[in-house]
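Reader: I would like to go through the pocket and the aromatic contacts of this model with you, step by step. Could we begin with the terms?

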Amino acid sequence: FDICLSFFSDQLSTDSLRQDVALDPTFLRLQITLAKAHLDSYSFERGITLLETLIMCKLPAGNKRSVTTMLVQAYLKKGWFAKCNELLAILYDLIAAEDDPSSAESTNFWKYVAKNYYKNEMYSAAVCCIDKAIMLTDPDLLASLGRLYSFRTKILRDICARPGLEFPTNLHPNKAIEFGGETVTS
């Protein structure tokens, strides 16, 4: 598997990608598949480098959104929260630019924002964002709701495990959280 990845990496180097070039759809699909393979094989640096290069190219809106989402997930795994926050702002603009954004995209966006806040130990903001994701989820999608509630439980469990917490407590932030021009409150 590693031999195959290194072969494709050598054949399709990121040096050949430039910002002003619109990519061939087959080449773009191959680059996205290669980035996924790098991320799945835990060679994050190669996958992240490839995705960062792809974002700078002219991409169709759908591909730009999927590449940005993959890069957000990689940044979250690596713990690069400042970079993740910058990309989340870009992703918010990409989703908001659509005529009819699907609720699944909005739900995933708020889930990523909540994960970013959670890993930064900003628990009250994470609770607000995961609540927004839960509200946007279709009530018929029980598996999705279950995963979101499970993540919310994980956040609340970590809040309760912190030393010095006195009950009853207020989990909501003193001020509303603003992300991409949208205000989030629970």
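Author: Rings of Phe, Tyr and Trp, the last by its six-membered ring, count as a pair if their centres lie within 6.5 Å, and planes over 60 degrees apart make the pair edge-to-face. The model discussed here is a predicted one.

Reader: How many aromatic pairs does the structure hold?

Author: Among the residues involved, Tyr92, Phe109 and Trp110 form one aromatic cluster. Counted over the structure, the number of aromatic pairs is five.

Reader: What is the geometry of the pair formed by tyrosine 118 and phenylalanine 151?

Author: Tyrosine 118 lies in helix α6 and phenylalanine 151 in helix α8, so their pair ties together parts that are 33 residues apart in sequence. Both tyrosine 118 and phenylalanine 151 are buried. Their ring centres are 5.5 Å apart and the planes stand at 75°, which is over the 60 degrees required, so the pair is edge-to-face.

Reader: Which element gives the most residues to the lining of the largest pocket?

Author: The largest pocket, with a volume of about 220 Å³, is lined by 14 residues, of which Thr107, Asn108, Lys111, Ser144 and Leu148 lie nearest its centre. The elements that give two or more residues to this lining are α6 (103–119) and α8 (142–161). With six residues, the element that gives the most is α6.

Reader: How many residues in that lining are charged?

Author: By class, the lining of the largest pocket has five nonpolar and five polar residues. The charged residues in the lining number four.

Technical notes:
Residues numbered from 1 in each chain as written. Predicted model: local features only at pLDDT ≥ 70, side-chain atom pairs only at ≥ 80, totals over all residues. Heavy atoms only, no water. 1 Å grid on protein atoms, 1.4 Å probe; cavity = no way out; pocket = protein on both sides within 12 Å on 5 of 7 lines; lining within 4 Å. Points joined across faces, edges and corners; volume = space filled by probe spheres on them. Helix = DSSP H or I, 4+ residues; strand = E, 2+ residues; numbered from the N terminus. Nonpolar A, V, L, I, M, F, W, Y, C, P; charged D, E, K, R; others polar. Phe/Tyr/Trp six-rings, centres within 6.5 Å; stacked < 30°, edge-to-face > 60°. Buried < 20%, exposed > 50% of the residue type's maximum accessible area, 1.4 Å probe, protein only.
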